[in-house]
Amino acid sequence: MDETVMGMVLSVSPIGEYDKRVVLLTRECGKISAFARGARRPNSPLLACTQPFTFGEFSLYRGRNSFTMKSAQIRNYFTELREDVDDVYMGLYFCEMASYFAKENLDASDMLKLLYQSLRALKVPSLDRSLVRYIYELKMMTINGEAPRVFSCIQCGGKENLHSFLSNESGILCDECSHQKRGIQIQETTAYTLQHVIGTPFEKLYTFTVSAEIQNEFGKVIRQYLRDHLNATFHSLELID
């Protein structure tokens, strides 16, 4: 049975002498694997469309146990992204994290939108690459129901003076409730940044910048939160760090 899906190539691995196994994040089917027959041959029509970051419509044949890629109509190769090795590593990390969360036969529309917008953001001159990373990480956790509680104090429910982030308790504390707790001390702007990323639509995620000081606080919070709540090792992240 033939199917057409909208998606992005997350990863590629060689199979045999000339074939590839391609992992796709698709809007319709979630994360799927497809075999691309002969895609490693220099003259193969599947050669260019079976590279990481490739986004478009993929024509697949659904067999009993697997998909086979027949053709593709590519909308974005992210060519500029591939020209900078640091952007490539960051993009591969984004794909690896998406692959970790995505599941087959589950709606992946939000993850696909986030991944697409985040790869585009890496080439925006006014955006620091690390800020794009922290935003992506927090929003990916949010999509998958693992965002911290940052809109009010997790102890008293107050919405003012939220200056202490407790990663192990997945939330934020006000000054009055934080005396007996050892959290990461943050400024009001950092708390607002956390709130903004969690609550903002994908299309507006990358329309702001912050000072170096706020970015450092924001990054410290996100890195600690991932260490405490994400049981995963990302090989591409090791290359970045």
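**Exercise 1. Is Asp 87 buried or exposed, and what is its salt-bridge partner?**

Step 1. Asp 87 has a relative accessible area of 1%, so this residue is buried (buried means under 20% relative accessible area, exposed over 50%, partly exposed in between, with a 1.4 Å probe and protein chains only). This is a predicted model, in which local features need pLDDT of at least 70 and side-chain atom pairs count only at pLDDT 80 or more, while totals for chains, interfaces and linings use all residues. Residues are numbered from 1 along each chain as its sequence is written, and side-chain values use heavy atoms, with hydrogens and water left out.

Step 2. Now look for the partner. Asp 87 forms a salt bridge with Lys 123, and their closest N and O atoms are 2.9 Å apart (a salt bridge is a side-chain nitrogen of Lys or Arg within 4 Å of a carboxyl oxygen of Asp or Glu).

Step 3. Asp 87 belongs to helix H1 (residues 85-101) and Lys 123 to the loop between helix H2 (109-121) and helix H3 (129-143), so the pair ties together parts that are 36 residues apart in sequence. Helices (H or I, at least four residues) and strands (E, at least two) are DSSP runs, numbered from the N terminus.

Step 4. Lys 123 is partly exposed, at 33% relative accessibility. Salt bridges that share partners join Asp 84, Asp 87, Lys 123 and Arg 129 into one network.

**Exercise 2. Which residue forms a salt bridge with Lys 70?**

Step 1. The partner is Asp 2, with the closest N and O atoms 2.9 Å apart.

Step 2. This pair links distant parts of the chain: Lys 70 sits in strand E5 (residues 67-76) and Asp 2 in strand E1 (residues 2-15), 68 residues apart.

Step 3. Check the accessibility. Lys 70 is partly exposed at 45%, and Asp 2 is partly exposed at 49%.

**Exercise 3. How do H1 and H2 run relative to each other?**

Step 1. Their axes come within 10 Å and cross at roughly 175°. Axes are lines fitted to C-alpha atoms, for helices over the stretch in contact, and angles run from 0 to 180 degrees between N-to-C directions.

Step 2. H1 and H2 are therefore roughly antiparallel (angles over 145 degrees count as roughly antiparallel, under 35 as roughly parallel, 65 to 115 as roughly perpendicular and the rest as oblique).

Step 3. Find the residues that meet. Gly 91, Phe 94, Cys 95, Ala 98 and Phe 101 in H1 meet Met 111, Leu 115, Ser 118 and Leu 119 in H2 (contact means heavy atoms within 4.5 Å).
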